Amino acid sequence: MQAAAWRRHLLDHHLSPTTAAAISALRSASQPALVPQGLGGVDGARYMSARAPAVKGSGHLVRKGTGGRSSVSGIIATVFGATGFLGRYLVQQLAKMGSQVLVPFRGCEDSHRHLKLMGDLGQIVPMKYNPRDVNSIKAVMARSNVVINLIGREYETRNYGFEEVNHRMAEQLAMISTEHGGIMRFIQVSSLGASATSPSRMLRAKAAGEESVLKEFPEATIMRPATMIGTEDRILNRWAQFAKNWSFLPVVNDGSTKIQPVYVADVAAAIVNSLKDDGTSMGKTYELGGPEIYTVHELVIIIQNLQINESCKLYMR
Ligand SMILES: NC(=O)c1ccc[n+]([C@@H]2O[C@H](COP(=O)([O-])OP(=O)(O)OC[C@H]3O[C@@H](n4cnc5c(N)ncnc54)[C@H](OP(=O)(O)O)[C@@H]3O)[C@@H](O)[C@H]2O)c1
C-alpha cells in the first residue's frame with residue numbers, strides 16, 4: 001500500500017475523530033501551495049510525497065480503551081526536542097490519551113527523567129541519539145507513526161548555529177520520515193514571525209526549515225507559536241528574577257513592542273488536536289497566539305505589580 005494511502009487508512013480507522021476543540025484551538029493562517037494528487041476526502045490521498053516510500057514501519061495499529069492513560073490511542077510518536085519546555089506538556093498530553101512516546105535525548109539521563117512518570121508503564125521510551133548521526137535518528141523513528149519536531153534554539157552555541165538547529169535538522173527529520181514510509185503525520189514546530197525576509201537570523205532559519213519540511217513531507221503540519229508562557233517559561237520568569245535581583249527592569253523602545261503570549265499547554269493541545277483530526281490540518285500552517293495582545297510595557301507593569309519588591313522601577317530607552 002502506498003504510504004499516503006496507508007496514512008489515510010490509519011487516520012480513518014484508528015485515530016480519534018475530530019472534536020470541536022480540535023478546530024477551535026487552531027487558527028489557520030495560510031495553506032502552502034501544494035498540488036493535490038488524488039481526490040482528497042476520506043477515500044483518497046490529499047497530497048502525495050514525491051519520494052518513493054519504503055514499507056518499513058507500516059504495521060497494523062489497533063485503537064483500544066476509553067481514551068485514558070491506559071488505553072491505546074494508536075499513536076506512536078517520536079518527539080524530537082521533548083526534553084524542552086513545550087516537550088514536557090506535549091508528552092504529558094500524548095501519554096494521557098494512551099499514546100506511546102519515544103523521547104530521543106542527547107544529554108544526560110536526567111534530561112528526560114521527569115517525562116517517564118507521565119505515561120503508563122512502558123509508554124514513555126527514552127532513547128539516546130545523536131542529531132548528527134542519521135542511523136541513530138532512524139533508530140528512534142523506526143517504530144513510530146507520528147514524528148513531532150520541537151527542536152529549536154533562540155541562541156547559537158560554539159557547536160550549533162541557527163541554520164543547523166532550526167533548518168537543517170528539520171529538513172533531515174522530514175526526509176527520513178518520508179523514507180520511513182510509515183509516518184502518517186509530521187508536525188513541525190516553528191515560530192510566529194518566521195519569514196525569509198525577517199531581520200532575525202533565527203526566524204529566517206525557521207522559515208527555511210518550514211519550506212524544507214513541506215518540500216520533503218508535503219502532508220506536514222506547521223505550528224507557529226507566539227512566545228510561550230507557563231511555569232518554566234523563559235520570558236516572565238527571567239524578567240521577574242531580574243527585577244527581584246536588581247530592583248529595576250530595562251525596557252527598550254519604551255516597551256512598545258507587542259507580543260501575544262500563548263500558554264504552553266494550549267500549544268501542546270493544538271498539536272494533539274491536529275493529530276486527532278481527520279487529516280484537515282495536513283499540509284497546513286497554523287499561527288498560535290494567546291487571547292490577549294500586550295505591549296512589553298504592559299507585561300512589565302503586570303510583573304512589577306506582582307513583585308514582592310515594591311521599589312522595582314522601570315527604565316525605558
Ligand atoms: N519558548 C518559546 O517561547 C517559543 C516561541 C516560539 C517558538 N518556539 C519554538 O518551539 C519549539 C520548542 O520550544 P521550547 O521552548 O520547548 O524549546 P527549548 O525548551 O529550548 O527546548 C528545545 C529542545 O530542542 C533541543 N535542541 C536544541 N538544540 C539542539 C541540538 N543542537 N540538537 C538536538 N536537539 C537540540 C533541546 O534538547 P536538549 O535538551 O538536549 O538541549 C530541547 O529538547 C522550538 O522549536 C522553539 O524554537 C518556542
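Buried here means 20 or more other C-beta atoms within 10 Å of the residue's own; exposed means 12 or fewer, and partly exposed lies in between, with C-beta atoms placed from the backbone. Helices (H or I, at least four residues) and strands (E, at least two) are DSSP runs, numbered from the N terminus.

This is a predicted model: local features need pLDDT of at least 70, side-chain atom pairs count only at pLDDT 80 or more, and totals for chains, interfaces and linings use all residues. Residues are numbered from 1 along each chain as its sequence is written.

Strand β12 has a partner. Four bridges join it to β7 (residues 221–225), and the two run parallel. Strands pair if DSSP finds at least two bridges between them. Ile222 stands opposite Thr285 in β12.

Now the whole protein. It comes to ten helices and 14 strands. Buried residues make up 44% of its 317 residues. Among contacts between residues at least 6 apart in sequence, 77% join residues at least 24 apart. A contact needs C-beta atoms, placed from the backbone, within 7 Å.

The table lists the nonpolar cores, each a set of buried Ala, Val, Leu, Ile, Met, Phe, Trp, Tyr and Cys residues joined through C-beta atoms within 7 Å.

| Core | Size | Members include |
|---|---|---|
| Largest | 63 residues | Val79, Val91, Ile148, Ile271 |
| Second, separate | seven residues | Trp239, Leu249, Val296, Val300 |

In the largest core, the four residues named touch the most other members. Helix α9 (residues 264–276) gives this core its largest share, seven residues. Not counting residues up to four places away in sequence, Val91 touches Val79, Ala82, Val101, Val103, Leu115, Met118 and Ile124.

Helix α5 (residues 134–141) has Ile137, Val140 and Met141 buried. They lie on the same side of α5, because they cover an arc of only 100 degrees around the axis. The arc is that of the directions from the helix axis to the C-beta atoms. The buried residues of α5 pack against β2 (76–80), β3 (100–105), β4 (124–128), β5 (146–149) and α6 (162–180).

Last, the ligand. It is surrounded by 21 residues, the closest being Gly81, Gly84, Phe85, Leu86 and Gly152. Helix α3 (residues 85–95) supplies the largest share of this shell, three residues.

Terms used. Near = placed C-beta within 6 Å. Contact = placed C-beta atoms within 7 Å.
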